[in-house]
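Hello,

Here is the structure I promised to pass on to you. Please open it alongside this email, and my notes on what turned up follow below.

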Amino acid sequence: MSEGFPSLNLVPKSELPLAARDFKTDQEVRWCPGCGDYAILAAVQSFMPELGIKRENTVFVSGIGCSSRFPYYMNTFGMHSIHGRAPAIATGLAASRPDLSVWVVTGDGDALSIGGNHLIHALRRNVNLKILLFNNRIYGLTKGQYSPTSEVGKITKSTPMGSLDHPFNPLSLAVGAEATFIARTIDSDRQHLTSVLRAAARHQGTALVEIYQNCNIFNDGAFELLKEPGTRDEALIRLEHGQPITFGTDQGVFRDPDGELTIDTVTEANRDRVLVHDAHHPSAARAFALTRLTDADLLHHTPIGVIRDTARPVYDTLMTDQVEAAVASKGRGDLAGLLAGNDTWTVG
């Protein structure tokens with residue numbers, strides 16, 4: 001593995017240098033022209049060689065949705081699984097095959113609707129997975145219904161009078177599930193996207209990366225506030241570990257006397273009170289507060305970057321240690337004895 005990346009559960013290194021072209025398949029990439037998925041695919045394919053991991057020891061697992069075509073286009077092992085179940089399938093794979101680098105690609109509908117239960121349990125278990133959640137705030141594959149991240153009042157084919165649902169904040173949800181790594185980035189910002197992928201790859205345990213991704217057919221311009229030169233600097237809060245959290249011309253994040261995070265103008269008098277970002281802080285409360293700065297409807301004050309990156313025992317390792325301890329204390333398992341043990345009943 002390249003310098004700076006620790007071993008991912010002793011995943012075998014590639015003996016030959018890899019390039020982005022090595023991760024491209026011969027499959028025709030079939031997304032709508034202009035879809036943000038193209039930019040994400042190109043960034044991932046260009047980034048993967050940095051890991052130095054053999055392609056045959058890399059796996060991409062997806063669910064159902066536009067984003068879930070990803071495994072077809074990655075020249076690695078992969079599985080296009082069933083709706084919402086990618087984290088569950090990937091959990092079994094990562095837990096049973098520590099020699100693999102396992103990535104999950106999912107969308108806001110796939111991960112947060114039918115797959116919500118599987119997502120939160122992968123996060124709380126801290127399985128050694130990297131989850132890329134493409135959030136376009138709409139159902140694209142099924143042609144434009146509102147999703148769990150669509151804003152209140154969203155008019156779609158399934159909500160002609162406007163959505164009544166309050167949207168999920170995926171990163172707030174992840175903090176509530178005790179995720180050890182959460183980050184957010186944007187499809188069109190190649191440099192920032194790649195830097196977040198690097199940080200996720202370094203993390204031991206579950207890393208959730210939310211990627212704001214434009215669906216130019218059914219929800220075009222959903223994130224223009226965060227992309228347009230005239231508005232992005234005032235809307236985006238770029239987080240860097242160890243640096244004061246400032247943005248725009250003169251705005252900063254402060255902690256008020258009640259402990260809440262607030263946004264105010266930075267002056268010479270209050271400059272020393274600007275909150276310094278600590279991605280490694282053990283308390284989840286600080287990370288949660290940062291995720292709540294975002295206006296759910298208009299996306300004002302949206303933090304991007306690594307919000308939380310903390311250490312906790314990895315599920316895969318704990319499971320392996322437990323099995324080894326059981327074998328060492330009791331010898332080889334007796335399946336016949338287990339099946340015919342005391343907890344059996346005769347019926348009839």
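Leaving out residues up to four places away in sequence, S150 touches R137, I138, D165 and P167. Please keep in mind that this is a predicted model. S150 sits in the loop that runs between β4 and α6. Is S150 buried or exposed? It counts as buried, because its relative accessibility is 2% and the cut-off for buried is under 20%.

Next, the nonpolar cores. The largest one has 37 residues, and L119, L129 and L208 have the most contacts inside it. Two or more residues of this core come from each of β1 (58-62), α3 (86-96), β3 (101-107), α4 (108-114), α5 (116-125), β4 (130-135), α6 (170-176) and α9 (284-291). The element that gives the most is α9, with 4 residues. Apart from this core lies another, of 33 residues, which include M48, Y73, L132 and A207. As a general point, nonpolar side chains in soluble globular proteins tend to be buried together.

L129 deserves a click in your viewer. Setting aside neighbours within four places in sequence, L129 is in contact with P87, A90, T91, A94, V102, A122, G205, T206 and A207.

Now to a helix pair. α3 and α5 pack at an angle of about 35°, and their axes are 7 Å apart. On the α3 side the contact is made by P87, A88 and T91, and on the α5 side by H118, L119 and A122. Sorted by class, this contact has 4 nonpolar and 2 polar residues, with no charged ones.

Finally, the cavities. How many cavities of 30 Å³ or more are there? The count comes to 2, and the largest cavity holds about 40 Å³ of space. Its lining is made by D278, A279, H281, S283, R286, A287, I307 and R308. Both α9 and β11 (302-309) give two or more residues to that lining. By class, the lining of the largest cavity divides into 3 nonpolar, 2 polar and 3 charged residues.

Best wishes

Terms used. Residues numbered from 1 in each chain as written. Predicted model: local features only at pLDDT ≥ 70, side-chain atom pairs only at ≥ 80, totals over all residues. Heavy atoms only, no water. Core = buried A, V, L, I, M, F, W, Y, C linked by side-chain atoms within 4.5 Å. Buried < 20%, exposed > 50% of the residue type's maximum accessible area, 1.4 Å probe, protein only. Contact = heavy atoms within 4.5 Å. Axes fitted to C-alpha atoms, helices over the stretch in contact; angles between N-to-C directions. Nonpolar A, V, L, I, M, F, W, Y, C, P; charged D, E, K, R; others polar. 1 Å grid on protein atoms, 1.4 Å probe; cavity = no way out; pocket = protein on both sides within 12 Å on 5 of 7 lines; lining within 4 Å. Points joined across faces, edges and corners; volume = space filled by probe spheres on them.
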